[in-house]
Amino acid sequence: MCGIVAYVGPKDAAPILLEGLQRLEYRGYDSAGVVVSNKGLRMRKVKGRVADLAAVVPARFKGGLGIGHTRWATHGAPSDINAHPHLSGDERIAVVHNGIIENADELRAKLEADGAIFLSETDTEVLSHLIARTVKEADSLEEAVRTALKRVVGTYGIAVIDSERPGEVVVARNGSPIVLGIGEKEMFAASDVAALVRYTRQVVHLEDGEIAVLRADGFNTFASDARETAKETLTVDWEAGHYDTGGYEHYLLKEISEQPDTVARTLRGRLDDRFHIAHLGGLNMDARETRSFRRVKIIGCGSAYYSGQIGAQLIEELARIPADAEPASEFRYRSPVVEADTLYVAISQSGETYDTLAAVQELKRKGGRVLGIVNTVGSAIARECDGGVYLHAGPEVSVASTKAFTSTAVAFALLALHLGRVRDLSPADGRRICDGLRRLPDQIKEILALEPQIRELAGKYAESPSMMFVGRVRGYPVAREGAQKLKEISYVHAEAYPASELKHGPLALIGPDMPTVAIVPDDELLDKNLTTLGEIRARGGRVLMVGHRTTDPKLADDCVVVPKNETELDPILLSIPLQLFAYHAAVALERDVDKPRNLAKSVTVE
Ligand code: AGP
């Protein structure tokens, strides 16, 4: 969701904050603000993008202490006033906040009764007023923040400065990420390492309930009971260049185009030619435990959930263990039965999605064994899980997930191979899957070469008010992800259905205004799928078929033909034309491709 940056050190804070906010803008982008401390607090905040903020921050904004924020509105519409930072009435305290203060109304009423005057509609403003009250009696800003937070119910990542303590920033976390960056006689904090990598690779992740005090010469961290905590410093391997568009028009196209490489990175060092197995060192499970699971339950949100559906299919096919996927956001609320012989797998690109994190925490509370398939090293979900597989796909900046989606599916293929080879999967099938996985990067290059054809098709279909996506069994999660990509970045309404379900209802929607994208792999269901195409065409529906061969023009108006791999791995390749289709549809419709309306990259609120 929103992005936070904080700086304390010898340099001017404002340009560092603005640069950091630009890196975080993909997380939230409806308004932005900074405050710098220099003989009092100087603040600028605006509705709009970070570039709009940069245009109004004057060059005379000097001072080596400051905090900044880019917002994704929860309480109150995007506006200059609702933008963060929020100041206390006496303008002594400034706060930026990610998350949701659930008892904000109650606190606000009490503070108003006590004389506080609120300027914004946000939940955050209660924090600046609360801290302004506690700071007067506290020995330190950290103590004031800790005391104030005891009255707060909800989730937060916050950064706070006090104009009377110009050498320190206090940050705190509960359910919303905060990472510290250690520089040379300077300290940074942010909600995401993306804001830090230009300045440092040495980072420290805060845990829920922790508070940190940052000074130019270092930092201290404290638990909620004020006990000092010891922290491990991590070195991040993501570089500043990963956050550039690298000559592409959009991050999304860059990330789609990176997939031969990102898939290769997910596979690197993990395939064993001798025994045709997968080496997944991070699972932290011995062979006995690996054999003991009778069921696999996969959880994730949005595209992560759809990649989990591909994963469930792979695990059932290769390891012959019953497996299914469920949205983490639903799973956590329905009091699931947690079984000792079920292996739980949580998926998250960011590693910070609140619903997924909360589901993992619920599972752990009930004794579940949870693995994480995560892209961001050291993220909250990665730390919460018992073990897992990192994607190594590099940072994904565009709001729409693409390279993380394919890498997750590849990670599932590795996990399925691993589980299968300690059970029933034969060496011959193991070899077949290993060889198939190795072919993926080159086959993805072949699909990327189809871009001109897919661009033309996207232009042709993008004007439709609505589109249907269908697929059977392995093709169904591909259809769901294809529809998700199209709707989130082009705003064209898209429905995804199992092709087999079409005639049980949604066929009524089919007509000339509702074209269908049909996923038709060359598998044992080919004939069934072709029959479905005939049924659509008979109702005047146009069909764009994505599969392994062209077909009779009576059955499909257009065909995109992708290379064939092993049947189990085909969904990974079939997803890629749909990413390009959504991208070019969004470009044709002149959408803000990397920052689609109403969305944010990491959903760190409920
Ligand atoms: C995908 O294009 C999305 N924008 C969204 O569905 C995303 O996959 C979901 O919010 C989960 O994110 P995560 O992988 O970071 O947990």
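Helices (H or I, at least four residues) and strands (E, at least two) are DSSP runs, numbered from the N terminus. You're looking at a predicted model, where local features need pLDDT of at least 70 and side-chain atom pairs count only at pLDDT 80 or more, while totals for chains, interfaces and linings use all residues. Residue numbers start from 1 along each chain as its sequence is written, and side-chain values use heavy atoms, with hydrogens and water left out.

Start by selecting H84 and P85. The peptide bond from H84 to P85 is cis, with omega near 0°. P85 sits in the loop between β4 (65-71) and β5 (86-87).

Next, pick A226, in the loop between β13 (218-222) and β14 (228-229). A226 isn't a glycine, yet has a positive phi of about 80°.

Now go to N284, in the loop between β17 (277-278) and α8 (287-292). Here's another non-glycine with a positive phi, this time about 55°.

Last stop: select 427-448 and 570-588, which are helices α14 and α18. Their axes (lines fitted to C-alpha atoms over the stretch in contact, with angles from 0 to 180 degrees between N-to-C directions) are 10 Å apart, at an angle of about 30°. The two are therefore roughly parallel (angles under 35 degrees). Show side chains for the contact (heavy atoms within 4.5 Å): L440, Q443, I444, I447 and L448 of α14 meet I572, L573, I576, P577 and L580 of α18.

Key: Parallel < 35°, antiparallel > 145°, perpendicular 65-115°, else oblique.
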